[in-house]
Amino acid sequence: MPFTGKSGKFNAAIRTVEIGTGDKAVKLGGENVLPFYTFDAPIENAPKIGVLITDMGLENEVAGIKDYYAGATTFAEIAKKAEEMPGADFVVLRFEGADPNGENRSVEDCVAIAKEVGDAITAPLVIEGCKNVEKDAELFSKVAEALQGKNVLILSAREENYKAVAAAAGLAYGQKVGAESAVDINLAKQLNVLIGQLGVDQANVVMNVGSAAAGYGFEYVVSTMDRVKAAALAQGDVQLQMPIMTPVADEAWNVKEAMASEADMPEWGSQEERGIDMEVETAAAVLASGSNAVILKHPTSVATISKLIKALV
Amino acid sequence: MALKGLDIFKLTPKTNCKECGSPTCMAFAMKVAQGAVELSKCPHMSEEALATLSEATAPPMKTIKVGTGEAEYTLGGETVLCRHEKTFVSKPRYAVSICSADEDIDAKLEAAKKVDYDRIGERMHVEMLYLSYCADKGVDAYVELIKKAADCGKTLVLDCTDVEAAKAALAVCKDAKPVLDGADASNYEAMSAVATEAGVILGVRGADINELYDTTAALEKLGNKNLVLNVGTASVKDAFATTVQIRRAALKDQNRTFGYPSIVNVGALAAGDPTMQAALVSLFTVKYGSIIVMEGMDYAQALPLYGLRQNVFTDPQKPMKVEPGIYPLNGGDENSVCLTTVDFALTYFVVSGELERSGVPCNLIINDAGGLSVLTAWAAGKLSSTSVSKFIQENVEPKVKCRKLIIPGKVAVLKGDIEAKLPGWEVIVAPNEAVQLVKFLKDLQANGEI
Ligand code: B12
Ligand code: SF4
């Protein structure tokens, strides 16, 4: 008697959100099964990988990343290489330097960089800010305006600034809106509802439900994603059916395992490999928990996660 | 099949004698059905009733013990598919594979011991060895390998479908309760006899999920329920599909034939690609691997992995906290500098680890912050200038003379307010990440500031 498993296919599905334009446009979401459960039903769109670049250039990156971008000096050149990275589906530009407590790059300068990058690539573009809610609100509005017609994703609108960000990106300039909340299903839902009440079509919203590096409060990330997917698919909660995008690189490369030097931790071995494995293992775990896209930065991580996704879908 | 309360009630004596602690037999039956009370609490159940019920109320997934002494591990026994529904109970155990045909067996055994460290009070190391039998090298070479491996203090898993080789291998290691991962459709009767005779757990495999199911059912029919299920190495996609489906069938659909722990060999699924193995081991740690086999484990792979496992297998109902108080480190005394952070166990562990590495005598002040991380506590209002200054005035000022306080970089905004509330204290803002503490403290020391 062969094994007869019950199918775990759901009647509800995650909404499909498209970012970018033309041949290289990317579809996120669309599935009606749990992550990688292809044995229940085909996965509509395989999870996607974004390659992270920042307005700070390459100076602080590890050797493998510098090597990959060797010869690229302008933002346009760096972005071009990022989109060509084997396994990459889209490019993510993060304005780390916009932080008023850091470099405090002006909004005008940021807009200029965003335009340079946007014009250089044909792959979809995702914009991240500096996490300062006031600065991000202004920055995102101006960048959304400057990149009209490119269907970029603005990541993210948060509880504190969603009105400005979602109105500009989602209503005025026809871009996609990322809704960022702090590892809690209720917060995620509430923000989606609020953004919807502004008049933004929910089909234009992607969520970032929070992230952490493996080992650093990651159980909350797993449980939040598990619960969001259960609510979206099993209970058909339309306010949680947005695809999820998770920034992994920022978290992974900032924990001790990736930062401690070989001189400090001789028994731990290569620092770069530690960073790669932290990035890869965190990414694999968030994909298994329900992310429809991850943001990474090391070429080896991008290649490996791309291989993992291909093997599973 | 799970029984309903009414079915159980029919089998009770219906005397309402209350000895079970429930007011009526009906109330008792309802509680048993929910899993809230053990059947054995009623002393008056008939033999037949017990036999019927113990089968039906058995947990959906068996709890299996392997290894002995310090290397004894519990696998399985899970009751939920997602950790937030209750909690996961048996963490996956990691194994490194060695084959009797390998040239460098000694080096591999040595390498398997390399990763060994502590994380928040838990020892992190490769717990098992997955030892593959190579027919070309013969039985003696395999027995040699087993003998060498037996000294490593790790639980052995014998990857061997040859009945004679399995017998010979068990003859030298069965007392250490290894797993014999060797039953398949062609040999299961003989293998089951060998495993039962030696008193060890038997691993089952099949060409696909159907064959795995049939062979497992056949073994159960022979009376062997001490099993683990090898999900196969046909492809990553297949192995994942099998791992998820057997767990789901057991827990959700009460299909007890699949109610056993799993063995996943990611080393074979991504041979020669350690980074891909890192990705896969992470995937199967989140999704239902019980014994996960890799070709090797170095620190780069291990550090995120053991952190992930520790996170995912914490009980969601119990926050990991440390006691508030003053923790002197590196021989710190009343004249040593003070640093403060939250009572979240992970944060305490990371920060105190770095402080110890710095060798600088200091007092680490742990405030009650509800067991939350620095930014979470700050955002929740549980780490504030008031909470810090109050704790210091009440608990630290009477005991410590030094008036320098270092605060976490992530809450640099608190500096001004704390200084205002703590007259006489100088507040110094530390870097964001604990890993930067060693250099930071040494610089302060060199400048004569502490
Ligand atoms: C897991 C998590 C939670 C868990 C809590 C788990 C816990 N025990 O803390 C839950 C789900 C409960 C939670 C809730 C909330 N969270 Co939360 N959470 C996280 C998450 C994902 C990880 C936190 C973690 O475990 N970090 C690991 C520990 C070890 O970090 P740490 O304590 O900061 O320690 C590090 C450093 O600070 C440093 N350090 C610590 N002490 C010291 C001392 C010295 C001297 C030095 C030098 C260094 C140092 O060393 C450590 C390693 O380098 C973060 C996002 C992230 N990726 O960080 C958000 C995050 C912290 N949460 C956030 C928020 C807003 C909240 C909520 C307020 C949301 C809400 N509105 O309800 C609630 C508040 C809680 C409540 N009301 O009860 C925000 C904070 C935003 C901000 N900048 O203020 C974050 C950053 C997410 C985000 N991007 O929005 N959260
Ligand atoms: S002990 Fe047994 S017989 Fe007595 S009330 Fe409880 S269930 Fe009924």
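The face of α5(B) turned away from its buried side carries two exposed residues, Asp140(B) and Lys147(B). A residue counts as buried if 20 or more other C-beta atoms lie within 10 Å of its own, as exposed if 12 or fewer do, and as partly exposed in between, with C-beta atoms placed from the backbone. Helices (H or I, at least four residues) and strands (E, at least two) are DSSP runs, numbered from the N terminus. The model is a predicted one, in which local features need pLDDT of at least 70 and side-chain atom pairs count only at pLDDT 80 or more, while totals for chains, interfaces and linings use all residues. Residues are numbered from 1 along each chain as its sequence is written, and chains are lettered from A and ligands numbered from 1 in the order in which they are written.

Helix α5 of chain B covers residues 138–150. Its 13 residues should span 18 Å at 1.5 Å a residue, and the end C-alpha atoms are 19 Å apart, which agrees. The expected span is 1.5 Å times one less than the number of residues. Tyr142(B), Leu145(B), Ile146(B) and Ala149(B) are buried in α5(B). They cover an arc of only 100° around the axis, which puts them on the same side of α5(B). The arc is that of the directions from the helix axis to the C-beta atoms. An α-helix has 3.6 residues a turn, so residues three or four places apart point the same way. The buried residues of α5(B) pack against β3 (93–99), α4 (105–112), β6 (128–132), β7 (155–159) and α6 (163–173) of chain B. Contact requires C-beta atoms, placed from the backbone, within 7 Å.

Strand β7(B) is mostly covered, with five of its five residues buried. Thr155(B), Val157(B) and Asp159(B) lie on one side, and Leu156(B) and Leu158(B) on the other. Five bridges join β7(B) to β6(B), and the two run parallel. Strands pair if DSSP finds at least two bridges between them. Val157(B) in β7(B) is the bridge partner of Tyr130(B).

In chain A, strand β6 (residues 153–157) is mostly covered, and five of its five residues are buried. Three bridges join it to strand β5 (residues 125–128) of chain A, in parallel. Val126(A) stands opposite Leu153(A) of β6(A).

Gly76(B) lies in strand β2 (residues 73–76) of chain B. It counts as buried, with 22 C-beta neighbours inside 10 Å. Gly76(B) and Tyr260(B) are 184 residues apart in sequence, yet 6.4 Å apart in space, C-alpha to C-alpha.

Between the chains, 43 residues of chain B are in contact with 47 residues of chain A. The largest share of the chain B side, eleven residues, comes from α12(B). That side divides into 25 nonpolar, eleven polar and seven charged residues. Ala, Val, Leu, Ile, Met, Phe, Trp, Tyr, Cys and Pro count as nonpolar, Asp, Glu, Lys and Arg as charged, and the others, Gly among them, as polar.

Residues from chains A and B surround ligand 1, so the site is shared between chains. Of the 38 residues around ligand 1, Gly217(A), Ser373(B), Ala379(B), Ala430(B) and Ala434(B) come nearest. Such residues have a C-beta atom, placed from the backbone, within 6 Å of the molecule. α14(B) gives the most to this shell, five residues. Around ligand 2 there are 13 residues, and the closest are Cys17(B), Cys20(B), Cys25(B), Phe28(B) and Cys42(B).

Key: Contact = placed C-beta atoms within 7 Å.
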